[in-house]
Amino acid sequence: MKIVAIANQKGGVGKTTTAVNLGCALAKAGHRTLLIDLDPQANATSSFGLQELAGESLYGPLLGEEGIAQKVLPTRIEGMFLIPADLDLAGAEIEIARMDNHLTRLQQTLRPFRDEETFEFILLDCPPSLGILMTNALAAADELLAPIQCEFFALEGLVKIVHVVEQVMNSGANDSIELTGIIMTMFDRRTNLSSQVVAEVREHFGERVYQTVIPRTVRLSEAPSFAKSIFEYAPGGSGARAYAALAQEFMRRQQTNASALSTPLA
Ligand SMILES: Nc1ncnc2c1ncn2[C@@H]1O[C@H](COP(=O)(O)OP(=O)(O)O)[C@@H](O)[C@H]1O
Ligand SMILES: [Mg+2]
C-alpha cells in the first residue's frame, strides 16, 4: 500500500482536482483507492456530491476518540472510497498541536490500513497551508505529489515545499518521504509563460516533474459542481485525457524505486 500526499501550501493550484481525478482514474483501472479530505473547506468532499457531513471527518480518529474504519464512505465509483472533511478539522490543527506525538498523529491513525492492506493507494488532499495537517500528511506519506500552477513564482513555491519535506525528515517523523512528482497544472498553450514555467521547473527538478501536463480547461472546473469526476463529466475532453495519462504515468512510476530518482533536490 502506498500513501500519497497531494500538497502545496498555495491554494488554487489544482491539489483537489488532481486528488479527485487521479483517484478516480486509479479506481477505474482496478486499484482500490481511498481519498482522505484533510482540508476543512471540504472541496474534495463536495466534488463527490457529499456535503453537510458534520462528525464524519478524520477529526475523531486523529484525536484518538474514534476508529478510522467507520469513517470510510463508498462513492459512486467502484473501488473509490472517501473520508470526508468537515469544519471540525479546522479545530484539529489546534488540538493536535497540544498533543505529545503531534507530528505522527495521522501516521498512527492510518496504521490499521497499512497493516491490513485495506487499500492499494491512499491519497491525502491537503489544505493550502504549512500547518499541522499538512505536516502530518507528510509524516504519514510514502510520496509527495506537488501540483504547481504554470505561473510566475512556481519555483519559489517548490523551494518552500522541499524545505518542509526536509524538516519532516529531520524531525525523525518520516525518513522515507520523497517528493516524487511535480505536476504542472493549468497549462495554457496560448501563452509563452506556461511553456517557460514548465521548462524552468524541469531544468531544476528534472525527472521529478511529470511528463504529463494538465491543461487549463473549464471542464475541469465545472465537473465538481455536478459531483462528477472529469471522466464522467467530459470523458472525451483534454482534461480527461490528461488525468488518464497522469494516472498511467503515476502507475509506471510506482514500478521505479523513488530512490532511483537521480536528480538531487536543490
Ligand atoms: N486544469 C484546470 N483547468 C481549469 N480549472 C482548473 C484546473 N484545475 C483546477 N481548476 C479549478 O481551479 C480552482 C482551484 O483548483 P483546486 O483543485 O481546488 O486547487 P487547490 O486544491 O490546490 O486549492 C478550482 O475552481 C478548480 O475547479
Ligand atoms: Mg483543495
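This is a short talk on a protein and the ligand it holds.

First, the ground rules. The model is predicted, so local features need pLDDT of at least 70, side-chain atom pairs count only at pLDDT 80 or more, and totals for chains, interfaces and linings use all residues. Residues are numbered from 1 along each chain as its sequence is written, chains are lettered from A and ligands numbered from 1 in the order written, and side-chain values use heavy atoms, with hydrogens and water left out.

Now the fold. The protein has 12 helices and 7 strands. Those are DSSP runs numbered from the N terminus: H or I of at least four residues for helices, E of at least two for strands. The radius of gyration is 17 Å, close to the 18 Å that the globule rule gives for 266 residues, so the protein is as compact as a globular protein of that length. That radius is taken over C-alpha atoms, and the rule is 2.2 Å times the number of residues to the power 0.38. The C-alpha atoms fill a box of roughly 50 × 40 × 30 Å along the principal axes.

On to ligand 1. Which residues are the closest to it? They are Gly-12, Lys-15, Thr-16, Thr-17 and Pro-215, out of 14 that surround ligand 1. Surrounding means a heavy atom within 4 Å. Helix 1 (15–28) and helix 10 (218–222) each supply at least two shell residues. Helix 1 gives the most, with 3.

Next, polar contacts, meaning pairs of N or O atoms within 3.5 Å. A ligand oxygen is 2.6 Å from a side-chain N or O atom of Thr-17. Another entry: an oxygen of ligand 1 lies 3.0 Å from a polar backbone atom of Gly-14. A nitrogen of ligand 1 is 2.8 Å from a backbone N or O atom of Pro-215.

Definitions and conventions:
Polar contact = N/O pair within 3.5 Å; in protein donor to acceptor, adjacent residues only side chain to side chain.
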